Amino acid sequence: MSWLIQLVVNAVVLLIIAHFFQGVHVEGFTAALIASFILAIVNVIVKPILVVLTLPITVLTLGLFLFVINAITLMLTSAFMGDSFVIDGFGIAILAAIIFAILSALIHSFIVDPLTKR
């Protein structure tokens, strides 16, 4: 059940990012939900490979290079989605990855954690 909540929260975060940035375009909530699902699949399959391959530079940048990896996963999601989810450039993707990480962490701390505590 929590993975479903996480998908919905990530879709809402994608919609918020698309609303505030001109370089990110999402057609609607359904497209954001599908993009959130594809992003989850990319994060499970591709992201661990990228993290292992870029481990030395990630260590040298004290983990900040993970934002670049997150931007790459967002760009891959955009490539899979076609015209319904578009990120205009890599700089926008890095900015969107940073905002995505901050917003999703904040929302998850308010929504997911109280639901799992008993």
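At what angle do helix 1 and helix 2 pack, and how far apart are their axes? In this predicted model, helix 1 (residues 2–20) and helix 2 (residues 29–45) pack at an angle of about 120°, and their axes lie 8 Å apart. That angle makes helix 1 oblique to helix 2. Their crossing is right-handed.

On the helix 1 side, the contact involves L7, V8, N10, A11, V12, L14 and L15. These residues meet F29, A32, L33, A35, S36, F37 and A40 of helix 2. By class, the residues of this contact are 12 nonpolar and 2 polar, with no charged residue.

Helix 2 also packs with helix 5, at an angle of about 125° and with the axes 9 Å apart. Helix 2 and helix 5 are therefore oblique to each other. The crossing of helix 2 and helix 5 is right-handed. Helix 2 contributes A31, I34, A35, I38, L39, V42 and N43 to the contact, while helix 5 contributes T73, L74, L76, T77, F80 and M81. The residues of the contact of helix 2 with helix 5 comprise 10 nonpolar and 3 polar, and no charged ones.

| Helix pair | Angle | Axis separation |
|---|---|---|
| Helix 1 and helix 2 | about 120° | 8 Å |
| Helix 2 and helix 5 | about 125° | 9 Å |

The largest pocket holds about 280 Å³ of space. It is lined by 17 residues, of which Q6, N10, L39, N43 and F100 are the closest to its centre. Helix 1, helix 2, helix 5 (65–81) and helix 6 (90–116) each supply at least two residues of the pocket lining. Helix 6 gives the largest share of that lining, 5 residues. By class, the lining of the largest pocket has 8 nonpolar, 8 polar and 1 charged residues.

How many cavities of 30 Å³ or more are there? The count comes to 1. The largest cavity has about 40 Å³ of space. Its lining consists of L14, I17, V24, L74, F85, I87, A96 and F100. Helix 1, strand 2 (85–87) and helix 6 each supply at least two residues of this lining. The lining of the largest cavity divides into 8 nonpolar, no polar and no charged residues.

Note on methods: Residues are numbered from 1 along each chain as its sequence is written. This is a predicted model: local features need pLDDT of at least 70, side-chain atom pairs count only at pLDDT 80 or more; totals for chains, interfaces and linings use all residues. Side-chain values use heavy atoms; hydrogens and water are left out. Axes are lines fitted to C-alpha atoms, for helices over the stretch in contact, and angles run from 0 to 180 degrees between N-to-C directions. Helices (H or I, at least four residues) and strands (E, at least two) are DSSP runs, numbered from the N terminus. Angles under 35 degrees count as roughly parallel, over 145 as roughly antiparallel, 65 to 115 as roughly perpendicular and the rest as oblique. A crossing is left-handed if the near helix is turned anticlockwise from the far one by less than a right angle, and right-handed if clockwise. Contact means heavy atoms within 4.5 Å. Ala, Val, Leu, Ile, Met, Phe, Trp, Tyr, Cys and Pro count as nonpolar, Asp, Glu, Lys and Arg as charged, and the others, Gly among them, as polar. On a 1 Å grid over the protein atoms alone, a cavity is a set of points where a 1.4 Å probe fits but cannot get out, and a pocket is an open set with protein on both sides within 12 Å along at least five of seven lines; lining residues have an atom within 4 Å of a point. Grid points are joined across faces, edges and corners, and a volume is the space filled by probe spheres set on the points.
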